[in-house]
Amino acid sequence: MSLKKLMTTYRQRVDTALETWLPATSIQPTRLHEAMRYTVLNGGKRVRPLLVYLTGNAVGVELSALDAPACAVELIHAYSLVHDDLPAMDDDDLRRGQVTCHIAFNEATAILVGDALQTLAFYVLSHDSNIQTSHKHHVTMIETLALASGSRGMAGGQAIDMDSVGQSLNMTELENMHIHKTGALIRASVKLGALASDNIDDNMLKKLDHYAKCIGLAFQIQDDILDIESSTETLGKAQGSDIAHDKVTYPSLLGLRGAKQMAKELIEDAETSLVDFDEKADPLRWMANYIVTRHY
Ligand code: GRG
C-alpha cells in the first residue's frame, strides 16, 4: 500500500478510536465535552498517530494494539495546541482551518479542555485492554508519554520558547528548544509503537529513536519553511506568524536554502538509521520524506 493510502486508512482508524474515547456531548459537563470534541475531531494531519501505527507495523504489532497509544499521543498534541493558542501564549485565532478553542468557547473552557485531554490520554493508554505487550513495556509506554509531555519534554520546550521571546537564540539553543517542544512527542510516538511489541531489543529501540529524533527536527524545520512559503489558507493557521512574533527560526538563522539543506540531511540520517530494518519499515522511510515535502 502507498503512504497516501496508509495515511488515509490510519487517519480514519485513529479518528474512529478518538471518537469512541472522547466523552459524548450528552454527558455532563456537556459544554466541556463539546469543546473537547471540537478540538480533537477536526482534521489535523495525525502525524503522531501515524508514527505509532507505522512503527508498530514495522516491528510486527497488530493494529488493534496500537489504537490506544495512537490516540494518547494525539490527545496530548491536541491539548498542547489548545493551550499554545491561548492569549497568554501565542494568542492565535485560527487552527486547522477553524477558530481556536478559546474563541469558539472561552478561555476558561480552553484551559479545561487542555487539562482534560491530557488526563484522557493517560486514561486511554493505561486502561485499554487491547495492548498486548508485557506489563513492563506497558508501564514504560506510560512513563515515556509522561516524560515527553512534561517539563523535561514538550512543556519544557514551550517554557524555553516563551523565555526566548525577544532574545537572539543561537543554533544550539534553537535546536534544544525544538528537541523538547516538537521533538519529544514525535520521539515518544515512535517509542510507543515500538514498545507495543514484546520482541523489540535495545539496539532496535536506539535506532528507531535516532530516526525519530531526526524526523522530529526535520518536521520543525519544514514547519518554519512553510510559515514563510505557504499561505494561511493552505496551512489552516496564520502564515507568517514566526516573523509576526519575532521568533528565531531555522530559516532566520540559516536562510531558506540552508534550512532546506539541513532538513534534507536529517532525513538522510533518519533513513540510515533504518538500514537494518526489513521492508516492513518502508512506510517509515516514506514518512521521513513526507515530513519534509508536506505542504501544510
Ligand atoms: C502549552 C504545554 C504546552 C505546550 C505547547 C507543541 C506545543 C507546545 C505547541 C504547539 C505549537 C507549535 C506550532 C509547535 C510546533 C510544533 C508543531 C509544528 C505543531 C503543529 O503540529 P502539526 O503540524 O499540527 O502536526 P496538526 O494540526 O496537523 O495536528
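How far does a polar side-chain atom of H77 lie from an oxygen atom of the ligand? The distance is 2.8 Å.

## About the model

This is a predicted model, in which local features need pLDDT of at least 70 and side-chain atom pairs count only at pLDDT 80 or more, while totals for chains, interfaces and linings use all residues. Residues are numbered from 1 along each chain as its sequence is written, and side-chain values use heavy atoms, with hydrogens and water left out.

## Around the ligand

The ligand is surrounded by 19 residues (each with a heavy atom within 4 Å of it). K45, R48, H77, D84 and R96 are the closest.

Polar contacts here are pairs of N or O atoms within 3.5 Å.

## The largest pocket

On a 1 Å grid over the protein atoms alone, a pocket is an open set of points where a 1.4 Å probe fits, with protein on both sides within 12 Å along at least five of seven lines; lining residues have an atom within 4 Å of a point. The largest pocket holds about 1000 Å³ of space, a volume filled by probe spheres set on the points, which are joined across faces, edges and corners.

Its lining takes in 45 residues, with L81, D84, R95, D223 and K237 nearest the centre. Elements giving two or more residues include α3 (47-58), α8 (154-163) and α10 (202-229), and α4 gives the most, with seven. Helices are DSSP runs (H or I, at least four residues), numbered from the N terminus. By type, the lining has 20 charged residues (Asp, Glu, Lys and Arg), 15 nonpolar (Ala, Val, Leu, Ile, Met, Phe, Trp, Tyr, Cys and Pro) and 10 polar (the others, Gly among them).

## The second largest pocket

The second largest pocket has about 280 Å³ of space. Of its 14 lining residues, T144, L147, A148, A184 and R187 lie nearest the centre. Both α7 (135-149) and α9 supply at least two lining residues, and α9 gives the most, with six. The lining divides into five nonpolar, four polar and five charged residues.

## Cysteines

There are zero disulfides (pairs of cysteine sulfur atoms within 2.5 Å) in the structure. C71 is in none, and its nearest cysteine sulfur, that of C101, is 19 Å away.

Notes: A polar contact is a pair of N or O atoms within 3.5 Å; within protein, one must be able to donate a hydrogen and the other to accept it, and residues adjacent in sequence count only if both atoms are side-chain atoms.
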